[in-house]
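Please examine the sequence and the structure before reading on.

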Amino acid sequence: MAATNRSECPVNLAVEVLGDRWSLLVLRDIMFAGKRHYRELLASDEGISTKVLAERLRSLTDTGLLTRSEDPTHKQKAIYSLTERSIALVPVLVQLGVWGHRELGADDRLSRYAETLDQGGRPLREAFMDDLREAHLGPRARHRPRGERPTLQLTD
C-alpha cells in the first residue's frame, strides 16, 4: 500500500490497493479459473502483456493479496496463492460479475460462477471461500469442516 493515501475513505483505500482492472482480472483467474502459474495467467482471454502481468503480480504480492512460492515440481516456476485478505474479496468479485452479466450483457457461460454464487447466498459463498482457503492456505485454514456447507457444482 502507498505510504500516504489520498484519503481515508474506504472506497479510495480499496481502489489504491486493487489498482486497476488487471489486478482484479488476475485475482479472478486465480480464484475462479484455478490458475496459479505465470504462464497460465498470461494466457487470459483479455491479453495482458508480460510486463503488466509481472507488475501486477508484484503489486498484489506487496499488498498482501497474493503470496509467491517456488514450485516444487519445477525450479524455474513460481506458484501464486491467494491470502485470506484476497479470499475476502470473493463477495465483491461475485457482485461485479453479477452486475456485469445483468447490466452489460456478459456471456452466460462466463457468468455462471458469479450467478451461481449469488443465487446460493452467503452459505455457498462461504463454502467456496473455504475451498479456496484449503487450496491456497492448507486444510487447517478452513473455517468449517468440508461437507458442512453446500458445494459449488457447475454443470455444462
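Helices H2 and H6 are roughly perpendicular to each other, a term that covers angles of 65 to 115 degrees. Helix H2 (residues 21–32) packs against helix H6 (residues 90–104) at an angle of about 105°, and their axes are 11 Å apart. Such axes are lines fitted to C-alpha atoms over the stretch in contact, with angles running from 0 to 180 degrees between N-to-C directions. Helices are DSSP runs (H or I, at least four residues) numbered from the N terminus.

This is a predicted model, in which local features need pLDDT of at least 70 and side-chain atom pairs count only at pLDDT 80 or more, while totals for chains, interfaces and linings use all residues. Residues are numbered from 1 along each chain as its sequence is written, and side-chain values use heavy atoms, without hydrogens and water.

In H2, Leu24, Leu27, Arg28, Met31 and Phe32 meet Val90, Leu93, Val94 and Leu96 of H6; contact means heavy atoms within 4.5 Å.

Phe32 also belongs to a cluster with Tyr113 and Phe128, linked by ring pairs. Rings of Phe, Tyr and Trp (its six-membered ring) pair if their centres lie within 6.5 Å; planes under 30 degrees apart count as stacked, over 60 as edge-to-face and the rest as tilted.

| Pair | Centre distance | Plane angle | Type |
|---|---|---|---|
| Phe32 and Tyr113 | 5.5 Å | 50° | tilted |
| Phe32 and Phe128 | 5.4 Å | 5° | stacked |

Phe128 lies in helix H8, 96 residues apart from Phe32 in H2.

Key
Helix = DSSP H or I, 4+ residues; strand = E, 2+ residues; numbered from the N terminus. Parallel < 35°, antiparallel > 145°, perpendicular 65-115°, else oblique.
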